[in-house]
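Dear colleague,

I am passing on to you the structure that we spoke of, together with my notes on what a look through it turned up. Please read the notes with the model open beside them.

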Amino acid sequence: MNLDLELVRTFLAVIEQGGFTRAAGRLHKTQSTISLHIRRLEEIVGRPLFDRQGRGVALTEQGEVLRTYAEALLELNDEALLKLRRPPVTGTVRLGLPEDFATRHLPLVLRRFTAAHPAIRLEVRSALTAELMRDLGNGDLDIVLARREFEATDGDALWREPLVWVGARGRAFAADPLPLVMFPHGCVYRPEVLRRMRACARPWEIVYTSTSLAGVQAAVSAGIGITALAESTVLPEFEILGAADGLPALPDTEIALYAGATRSEAARYLGTYLSDSVQNLAPPARGDSLRDAPVRIAH
């Protein structure tokens, strides 16, 4: 047996209006119909809901319990109808993502968004942060998830994770200069990584540069050199390096959401969805995930 929402609405109207007669006027029904609704509701729950001995309306103990559930039921019902009857949002949204974050964390998030909003068309491209921010400023992208400059406060910070030094497992780099594999200019954390290397005593040189995460990972796997990566992109065959290897400590890297100057309704929908979804991503374990739970941040 189920609660009839029409009867539930009548029940709350009687409470809110302070009587059967006023509830009838509020719902544009006769008083006898209101009385019938309450009797039917009492038959469903198997308990009296109103104390009919005094004047006015007084709830029984069971009536007080039902009141809490009734309010929640109608709120959910009305919210669902509002969303379902709302005209579907349409349009195209141009989204920019950093490759090292997009390939690992966002495919499922974006698939769920397109399933929930089939009338919104996504145009997604991955690039270095500098390129993404340039295209956002030029109006060629609507929304960008990008790595934020260190100590910057712009954008809506969504995610943070450590940067770590990695090399191929079992491949020692005892001789100097230490070979570095790096992303090119345009990678947001490259300047900070190199600044810290210049401040350490160990000689080094950049021997390999790649614009793609896969290229950097492949070079490290081949033993060409070591690199600094966001922890969630560390492969199982990599070894984490640190102070014992003569390397400086690295900061956390952040991912933030940036929106263009003119935002369509479709872009606003996507921005809100990404903000909620990225912050709720489950933290992964090293090699597949993050050391710490995500917090509001950027790349």
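Where in the chain does H28 lie? Before the answer, please keep in mind that this is a predicted model. H28 lies in the loop between α2 and α3, and its phi is near 60°, a positive value in a residue other than glycine. At 74% relative accessibility, H28 counts as exposed.

P177 belongs to the loop between β4 (156–168) and β5 (178–182). As background to both features, most residues other than glycine have a negative phi, and most peptide bonds are trans.

As for the chain as a whole, it contains ten helices and nine strands. Its radius of gyration is 29 Å, whereas a compact globule of 299 residues would have one near 19 Å, and the C-alpha atoms fill a box of roughly 95 × 40 × 30 Å along the principal axes. Of the 299 residues, 44% count as buried, and the chain exposes about 15700 Å², of which carbon and sulfur atoms supply 50%. Among the contacts in the chain with a separation of 6 or more, 76% are accounted for by residues 24 or more positions apart.

Turning to the aromatic rings, a search of the whole structure finds four aromatic pairs. One of them is formed by F20 and F50, whose rings are edge-to-face, at 5.8 Å centre to centre and with 65° between the planes. Because F20 lies in helix α2 (residues 20–27) and F50 in the loop between α3 (31–45) and α4 (61–85), this pair ties together parts that are 30 residues apart in sequence. Both F20 and F50 are buried. Another pair, that of F113 and Y273, is tilted, with 5.3 Å centre to centre and 55° between the planes. This pair links distant parts of the chain, since F113 is in helix α6 (residues 107–116) and Y273 in helix α10 (residues 265–279), 160 residues apart. The two partners fall into separate accessibility classes: F113 is buried, with a relative accessible area of 0%, while Y273 is partly exposed, with a relative accessible area of 22%. Ring pairs also link F11, F20 and F50 into a cluster.

In helix α1 (residues 5–17) you will find T10, which at 1% relative accessibility counts as buried. Once its neighbours within four places in sequence are left aside, T10 is in contact with L27, I34, H37 and I38.

Finally, on the cysteines, the structure holds zero disulfides. C187 is in no disulfide, and the nearest cysteine sulfur to that of C187, which belongs to C200, is 18 Å away. C200 is likewise in no disulfide, with the sulfur of C187 as its nearest cysteine sulfur. At 7% relative accessibility, C187 counts as buried.

How values were computed:
Residues numbered from 1 in each chain as written. Predicted model: local features only at pLDDT ≥ 70, side-chain atom pairs only at ≥ 80, totals over all residues. Heavy atoms only, no water. Phe/Tyr/Trp six-rings, centres within 6.5 Å; stacked < 30°, edge-to-face > 60°. Helix = DSSP H or I, 4+ residues; strand = E, 2+ residues; numbered from the N terminus. Buried < 20%, exposed > 50% of the residue type's maximum accessible area, 1.4 Å probe, protein only. Disulfide = S-S within 2.5 Å. Contact = heavy atoms within 4.5 Å. Rg over C-alpha atoms; globule rule 2.2 N^0.38 Å. Areas by Shrake-Rupley, 256 points an atom, 1.4 Å probe, with all protein chains shown as cover.
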